[in-house]
Amino acid sequence: MDSNESGKTSFLAAVSLLLGDPEWQITGNGTLNTTSLLFEPVIAGASTQIADPAERGYIAGVFAALDGTHPHTVWLQISSDSPYVQVRHQTGAHLLTDGDDNERHRAAPGFYKQLGTETLGAVEYAHRLYGRSPKVLAYVASRGQVRSRPSLLKLEAGTYSPDRIGDALITLSGRSSVLELDRAQRTDLADKRAEYAAALERHEKRLAREESLLREVEDRADLRDKIRSAEADRRAALARTLLDETARLFSAHQLLSQTRRRLQETADLLGELTAQRQTAANVADLERDCRTSAEAKEQRRTGWSEAQGDERLLAGQLTQDRKELEEARTLSADHTGANSCELRDHLTRLAHRTRQAEINRGIAERDAEHYAEQLRAAELGHAGAAGAVLKELASQKIPSWGLYDQVELDDRRRDFWEAALHPWRDAVCVDSADLPRAVEALEALPGSVLISPGPLAGTTACPEGIMAAPAPARPFLNALAGQSHWTRQPAHARVDGLGAHIIGSFPSPVVGRAALLGHLRSRQKDALASQAETDRLLDRLARRTLLAEADLQRAEAAEALPRLQKKHDDTSTELTRLRQALPKLKILLDQAEEDWATAKNALNSRKSRIEDLGRQIDGATATLKRCEAEQSSQQTVIDQDAAHLAQEAFGQDPEAARALLNWPADWLPTDVTALVTEAPSPPTAAPGDPVRERRSATQLHTAVTATVNGCMIVVDHQARTAGYPTVALDQASRITDSTHKAELALQALGDWLTDTEVGDADVHTEVERVRKERIRENTFIADSVDTLADELRHTQDVIIQRVSGALDNIATALEQLNSEAGLFGTSLHYQIDPPTETEHSWQCFVTPRWRRNPGGHMLAYNTVTNTAQEKLFSIHLVLAALLAAPNAQGRMLILDELGDSLGREHRREVLAAITKVATTYGITVLGTCQDTLMREVTPVCGQILYFHYPSKSDYLNLPTRMFGHDPHRGRVEITAEQLTRRLLTH
């Protein structure tokens, strides 16, 4: 047990490491974490200036029989660098006891190196010293700086899944190594299966290569057939070329005399046509006559068009004159006899009066709007320039009053005060407390006048003649009254102190809101009345202007009537004359158009004749050139004698070529009309007769080229990976001229395919032999795989039997512990699944069940019930696994914070169960608990180690105290000297 923060968890972690606790994972990545057990000043709360971190540390343990005989010492060294964990051991008790703490500290490394003859590493020491089954089963809150993963030893089975419970129970029972018995067989089977898969893969690859080889042989066979066909087509093409050239030479001899005769006839016709065209070529007289008649026609058409246009204009003018005459007669009928000049002067005067009246109306309207606006401002107390000041002060929430607006005057003294206050008509009154703010607020309104009582202001009563005034204005008004005097003739106010004289006697009151409102309403009323009067005047002037304009129209119509009558008569006379002349002009136009048409037809007829003669001459010239070209080509064929060259290329005469192509004996053309380019193809052979070659030489050469090109495509495709099989084929592939390339490629392909023909004949037989041998090898490997699979199944069946037996033993032990505790029964339901893959592990799913009351149902371990009962069931499960393990005696069970979160009664039950099992089966239980549990734990403990952490200012514990029993079961303290002496005496 310990006091808080005394390092009990570190002690348990160190003991479990010494005993090879698998939870340290020292065979994996946990070795480095062991360095966290070394002293670290910062973690211990010590200053780094006082203490240095430890580079090495040692855990020593002495193992002995129950009677203390046969001791064996194990020292485990932890280093801050690799190797992090090393172990040395030696028979006997070998503890470093000489000297004080510092001396023992310095001597520890040398003492460690003298132990035994070998050093064990982290991976092997646990198996070498303690066997394959774990020597210790431990739950520790943390191992170094790594928190422990959930453990069944934490007594929290309810939080575990069935597979984790199965894993924990098998480990606790010491059967975990059984699950590794088939690993080698699984590996061997996987290796053999991989070998079989590799053999099958090799077989498939070789099959692919063999198929590729067979395809190459077949491709070459196909190429041979095609090349032989191409060579036959090439021979037929040479034969057809010889027959074509022979037929061409025959046709040239037949056509040459006919061509010479047509050439002479065409030359005679060309001379006659040329003479006729020269005679008809003079057309100058006809063109002159055509131009003269066209000019005359255009002149007549222009005269006719102009006369028609004049007629339309005069007709329109006559209509307009008639309309104006009728309108003048209608207006003059009501004429009163007034002169038009007088009427125009009268209209001018009316217009002047109207413009003046409109100006007066605008002035009156403007005044009415101005006084209305002033009236609205005055009603709000914002009349005049003071209104802007009042608005600005109101926006700043500063109380203020307009002087003119708020002062009320006695009518008996009105003339004096209105004159005296006139210079201050825009002033605004504010309290003295608000004056600084008001001055600052009006910074943007220069010229603003503020009135505020000063610090030496006198009486606050209103002076004589003032009925009412704002309080801030009263000192000012009293001061102004004391300096001002009124003079009636002439009426003015005099301010002696300033030398100012203000003329008074305003026509209407101007001071005081009521007086100002009355004055403004009166002025607005006058402006509205003036506006109404000018509106009435404008209406009267508009009516008079309308009447005067009508009189002026009638007077002007009466004066213009004689002029309009004469204009109408003149237009009518001119229109009559023009209409009488129009028929004569039309006759002259028709005659001129007829003369022009006659001259134009004569000229066109002559030009058509000339064009026809030109076409005949062109035709004769073309015929002459064609005959000359035909004569030249026929003579060239005869001179070149290409049939002789074709015969040399074929190597035989035309008769042999005819026989090769299977043509009839009368193959030459009989009716020759043109120079032939190739011999006429013979008719198809009769059924049953040999086939005749009817393709042209070009078609045969094309067939040869196509066949060779197709073969070269195959060879080019293969050459991309393996290169060309011969140098000749490589050279042929580089030629760009298609004809030359086909000739060389045909020769190269023929040579290559002839050379490979013998070797290709044996390929199929060799491939079949190799495939049969490979199938025999693969069958042998497959049989080996089946044998290993059968052996693995047998081994896994044995593993399942042994694990099932272990779980059955655990179930029996669990039921026994449950019964001894006076409880009501338990059971284990399990399922064991072998691994499905080589790298997978066995899975064992275990679901513990327990009965909470007599006759009740079995409850699954994770059913939410009483927490203390769950922990009691968990410890029974752990103890049952320990009891079921082979050779359980001598094993150690480490439980951190034993009894934590348990009530007193359940803690007693848990401790009693642990004590009974430990005593009965020789199991050592190392548990830790707090000081508060000493009274309950002490009776069941064989020995007590007491760790004492003095204070937070100390980073080392007080010396550990140990307590045991005397012969009478009394508790006594064991000293270090007694314990050491006991070990060394054995």
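**Helix packing and local backbone features of a predicted model**

Valine 85 is found in strand β3 (residues 85–91). Strands (E, at least two residues) and helices (H or I, at least four) are DSSP runs, numbered from the N terminus. The model is predicted: local features need pLDDT of at least 70, side-chain atom pairs count only at pLDDT 80 or more, and totals for chains, interfaces and linings use all residues. Residues are numbered from 1 along each chain as its sequence is written, and side-chain values use heavy atoms, with hydrogens and water left out.

Valine 85 has a relative accessibility of 3% and therefore counts as buried. Buried means under 20% relative accessible area, exposed means over 50%, and partly exposed lies in between (1.4 Å probe, protein chains only). The C-alpha atoms of valine 85 and glutamate 655 are separated by 107 Å. Along the chain these two residues are 570 residues apart.

The loop between β2 (72–79) and β3 contains proline 83. A cis peptide bond joins serine 82 to proline 83, with omega about 0°. Histidine 70 lies in the loop between β1 (56–63) and β2. Its phi is positive, about 55°, although histidine 70 is not a glycine. At 69% relative accessibility, histidine 70 counts as exposed. Most residues other than glycine have a negative phi, and most peptide bonds are trans.

Helix packing was examined next. Two packed helices are described by the angle between their axes and the distance between the axes. Axes are lines fitted to C-alpha atoms, for helices over the stretch in contact, and angles run from 0 to 180 degrees between N-to-C directions. Angles under 35 degrees count as roughly parallel, over 145 as roughly antiparallel, 65 to 115 as roughly perpendicular and the rest as oblique. A crossing is left-handed if the near helix is turned anticlockwise from the far one by less than a right angle, and right-handed if clockwise.

Helix α14 (residues 513–640) meets α6 (183–279). Their axes come within 8 Å and cross at roughly 155°. The pair α6 and α14 is therefore roughly antiparallel. The crossing of α6 past α14 is left-handed. Their contact has 16 nonpolar, 12 polar and seven charged residues. In this classification Ala, Val, Leu, Ile, Met, Phe, Trp, Tyr, Cys and Pro count as nonpolar, Asp, Glu, Lys and Arg as charged, and the others, Gly among them, as polar.

Helix α7 (residues 284–332) also packs with α14. The axes of α7 and α14 come within 5 Å and cross at roughly 165°. These two helices are therefore roughly antiparallel. Helix α7 passes α14 in a left-handed crossing. By class, the contact has 27 nonpolar, 10 polar and 21 charged residues.

Helix α6 has a further partner in α20 (residues 763–820). The axes of α6 and α20 come within 9 Å, crossing at roughly 165°. Here too the helices are roughly antiparallel, and α6 passes α20 in a left-handed crossing. The contact of α6 with α20 has 18 nonpolar, seven polar and 12 charged residues.

Beyond α14, aspartate 641 is found in the loop between α14 and α15. Aspartate 641 has a positive phi of about 55° although it is not a glycine. At 32% relative accessibility, aspartate 641 counts as partly exposed.

In helix α16 (residues 654–661), Ala657, Arg658 and Leu661 are buried. Seen down the axis of α16, these residues fall within an arc of 100°, so they line one face of the helix. The arc is that of the directions from the helix axis to the C-beta atoms. The buried residues of α16 pack against α6 and α15 (642–650); contact means heavy atoms within 4.5 Å. Asparagine 662 follows α16 and has a positive phi, near 65°.

Helix α11 (residues 414–421) is largely enclosed by the rest of the structure, because seven of its eight residues are buried. The buried residues are Arg414, Phe416, Trp417, Glu418, Ala419, Ala420 and Leu421.

Valine 704 is found in helix α17 (residues 697–722). At 6% relative accessibility, valine 704 counts as buried. Valine 704 touches Ala230, Asp233, Arg234 and Leu746, not counting residues up to four places away in sequence. The C-alpha atoms of valine 704 and threonine 598 are separated by 73 Å, with the two residues 106 residues apart along the chain.
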